Amino acid sequence: MALKITDACINCDVCEPVCPNGAIYQGEEIYEIDPALCTECVGHFDEPQCRALCPVDCIPLDPDHVESHDTLMRKYRRLTAAND
């Protein structure tokens, strides 16, 4: 699954700079996550960095974007190959 940021977000700006895929961006009111870019840090880290650092725990799994670990790894490979 991709992750999503809920409206409990306090716009602390901790999550955006730690996202290795650039999936997190400032939305109209709160930070948002682009599910096309979110790999839950698969391929980069053992756990999602945004979730690990979020002080208000407002980044759950997004049930609208269910993805297996293998799918996330393929997305990671595609995204990192585009940056080579």
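In this predicted model, the chain carries 6 positive and 16 negative side chains. The centres of these two sets lie 10 Å apart. The chain exposes about 5,100 Å². Carbon and sulfur atoms supply 48% of that area.

The chain contains 3 helices and 2 strands. Along the sequence, these elements follow the pattern α-β-β-α-α. The radius of gyration is 12 Å, close to the 12 Å that the globule rule gives for 84 residues, so the chain is as compact as a globular protein of that length. Taken along the principal axes, the C-alpha atoms fill a box of roughly 35 × 25 × 25 Å. Of the 84 residues, 36% count as buried. Contacts across the sequence were also examined. Among contacts between residues at least 6 apart in sequence, 66% join residues at least 24 apart.

Two residues stand out by their backbone angles. Most residues other than glycine have a negative phi. Asp 13 is not a glycine, yet its phi is positive, at about 70°. This residue lies in the segment before helix 1, which spans 15-18. Asp 13 is partly exposed, because its relative accessible area is 36%, a value between the 20% and 50% cut-offs. Glu 40 also has a positive phi, near 55°, and is likewise a residue other than glycine. Glu 40 is placed in the loop between strand 2 and helix 2. Its relative accessibility is 16%, so Glu 40 counts as buried; the cut-off for that class is under 20%.

Thr 39 is found in the loop between strand 2 (31-33) and helix 2 (49-53). Its relative accessibility is 0%, and Thr 39 therefore counts as buried. The side chain of Thr 39 makes a polar contact with the side chain of Asn 21, at 2.9 Å. Asn 21 is also among the residues in contact with Thr 39 when neighbours within four places in sequence are left aside.

Thr 39 is buried at 0% relative accessibility, and Glu 40 is buried at 16%. Asp 13, in the segment before helix 1, is instead partly exposed at 36%.

How values were computed. Residues are numbered from 1 along each chain as its sequence is written. This is a predicted model: local features need pLDDT of at least 70, side-chain atom pairs count only at pLDDT 80 or more; totals for chains, interfaces and linings use all residues. Side-chain values use heavy atoms; hydrogens and water are left out. Helices (H or I, at least four residues) and strands (E, at least two) are DSSP runs, numbered from the N terminus. Buried means under 20% relative accessible area, exposed over 50%, partly exposed in between (1.4 Å probe, protein chains only). A polar contact is a pair of N or O atoms within 3.5 Å; within protein, one must be able to donate a hydrogen and the other to accept it, and residues adjacent in sequence count only if both atoms are side-chain atoms. Contact means heavy atoms within 4.5 Å. The radius of gyration is taken over C-alpha atoms; the globule rule is 2.2 Å times the number of residues to the power 0.38. Accessible areas come from the Shrake-Rupley method with a 1.4 Å probe; for residues, only the protein chains shown count as cover. Lys and Arg count as positive and Asp and Glu as negative; His and the chain ends are not counted. The place of a charge is taken as NZ of Lys, CZ of Arg, CG of Asp or CD of Glu.
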